[in-house]
Amino acid sequence: MASQGLDEGLDGASGAGEKAAMRILILGGTTEASALARALGHRRDLACTLSLAGRTADPKPLPLPMRVGGFGGPEGLAAYLRAEGVERLIDATHPFAARISRSAALAAEAAGVRLLAVRRPAWAREPGDDWREVASVPEAADAIGATPRTVFVTVGRNEAGAFARAPQHAYLVRTIEPLDGVLPVPHLTEIRARGPFGAEAEAAFMRERGVEVLVSKNAGGPATYGKIAAARALGLPVVMVRRPEKPAVTCVDDAAGALRWLEG
Ligand SMILES: NC(=O)c1ccc[n+]([C@@H]2O[C@H](COP(=O)([O-])OP(=O)(O)OC[C@H]3O[C@@H](n4cnc5c(N)ncnc54)[C@H](OP(=O)(O)O)[C@@H]3O)[C@@H](O)[C@H]2O)c1
């Protein structure tokens with residue numbers, strides 16, 4: 001586990017007579033967290049640390065001190081908040097990262113730390129969309145149906161293994177990290193790529209590869225919306241995984257909202 005203390009973000013902020021920099025922990029792994037890190041990197045009045053789960057082997061460099069790896073549940077996170085003197089916690093994790101958001105809510109309450117969640121709005125169905133909404137990735141695998149199809153899977157490496165229950169399909173699976181054998185099916189093409197992905201390129205890709213069904217989480221945000229617009233343009237069905245429940249806490253839509261909250 002790579003770990004750096006919050007002090008490394010101060011960078012000469014609190015000399016004699018100056019107000020101590022406010023300590024902030026950002027739970028990241030998303031475009032919003034990266035945008036926030038870029039916006040806060042130069043701030044001498046704030047001592048921010050970005051926390052990543054460690055799922056991506058080679059995360060993009062960002063101008064904030066970073067710590068990597070789980071905290072050990074809500075109790076571990078509460079202990080970290082107390083030990084590091086964190087004053088504000090920003091949960092900028094992915095809409096499908098339910099456990100860490102629950103931990104954040106419980107730990108913030110236990111440690112008496114103000115919490116903000118950055119939650120990008122979900123995508124909404126538009127005219128021409130053909131969505132089959134399901135509650136989980138295994139349900140998505142079942143929803144493709146018994147007839148063999150060419151399926152474009154974009155649910156991330158961690159949950160791709162669920163499609164092993166429907167081995168009759170030909171899968172194109174796009175992930176940031178290698179699949180490393182998590183999906184043992186006879187017809188599998190792995191695509192390694194990191195967004196953003198535009199609608200035209202997505203449509204060209206789906207046409208070339210003969211995609212018949214797209215499987216997506218309702219991640220929201222513009223970076224990966226291209227595939228949804230492309231499926232609409234090509235008249236393809238989308239098996240859309242609904243978001244998990246997240247705790248009811250103070251929320252904003254994006255990094256700009258989080259910056260306003262910090263000023264407040
Ligand atoms: N799920 C997705 O589709 C998805 C997509 C894109 C990015 N991500 C990002 O990938 C990370 C993992 O996602 P997930 O779905 O596995 O989350 P999850 O199920 O909510 O979290 C599983 C465990 O990973 C640790 N963890 C998660 N995010 C962390 C963070 N930012 N910093 C430190 N520890 C963290 C926590 O461990 P402890 O309990 O030990 O603290 C948590 O209990 C998240 O940071 C998320 O923003 C997820």
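This is a predicted model: local features need pLDDT of at least 70, side-chain atom pairs count only at pLDDT 80 or more; totals for chains, interfaces and linings use all residues.

Two strands count as paired if DSSP finds at least two bridges between them, and strands (E, at least two residues) and helices (H or I, at least four) are DSSP runs numbered from the N terminus.

Residues are numbered from 1 along each chain as its sequence is written, and side-chain values use heavy atoms, with hydrogens and water left out.

Within the sheet, strand β8 (residues 170-175) runs parallel to β9 and is joined to it by five bridges. Leu-172 has Thr-189 of β9 as its bridge partner. Contact here means heavy atoms within 4.5 Å; axes are lines fitted to C-alpha atoms, for helices over the stretch in contact, and angles run from 0 to 180 degrees between N-to-C directions.

Now for another open sheet, whose six strands follow the order β3-β2-β1-β4-β5-β12, with parallel pairing. Its edges are β3 (66-68) and β12 (251-252); each has a single partner strand, so one side of each is left without a neighbour in the sheet. Strand β1 (residues 22-27) runs parallel to β2, and six bridges join them. The bridge partner of Leu-25 in β2 is Thr-49. Helix α2 (residues 73-83) packs on this sheet and touches β1, β2, β3 and β4 (88-91), its direction making about 155° with that of β1. Helix α3 packs on the sheet as well, touching β1, β4 and β5 (114-118), with its direction at about 165° to that of β4.

Which residues come nearest to the ligand? Of the 22 residues around the ligand, they are Gly-28, Ser-51, Arg-55, Phe-71 and Lys-217, where a residue is near if one of its heavy atoms lies within 4 Å. The table lists polar contacts, that is, pairs of N or O atoms within 3.5 Å.

| Residue | Part of the residue | Distance to a ligand oxygen atom |
|---|---|---|
| Arg-55 | side-chain N or O atom | 2.8 Å |
| Phe-71 | backbone N or O atom | 2.7 Å |
| Gly-73 | polar backbone atom | 3.1 Å |

Taken alone, the ligand exposes 810 Å², and the protein buries 80% of that; these accessible areas come from the Shrake-Rupley method with a 1.4 Å probe. The elements giving two or more residues to the shell around the ligand are β2 (46-52) and α3 (98-111). Helix α3 supplies the largest share, three residues. By type, the shell divides into eight nonpolar, 10 polar and four charged residues.

Finally, two backbone details. The peptide bond from Gly-195 to Pro-196 is cis, with omega near 5°, and Pro-196 sits in the loop between β9 and α6 (199-208). Asp-180, found in the loop between β8 and β9, has a positive phi, near 50°, in a residue other than glycine.

Key. A polar contact is a pair of N or O atoms within 3.5 Å; within protein, one must be able to donate a hydrogen and the other to accept it, and residues adjacent in sequence count only if both atoms are side-chain atoms. Ala, Val, Leu, Ile, Met, Phe, Trp, Tyr, Cys and Pro count as nonpolar, Asp, Glu, Lys and Arg as charged, and the others, Gly among them, as polar.
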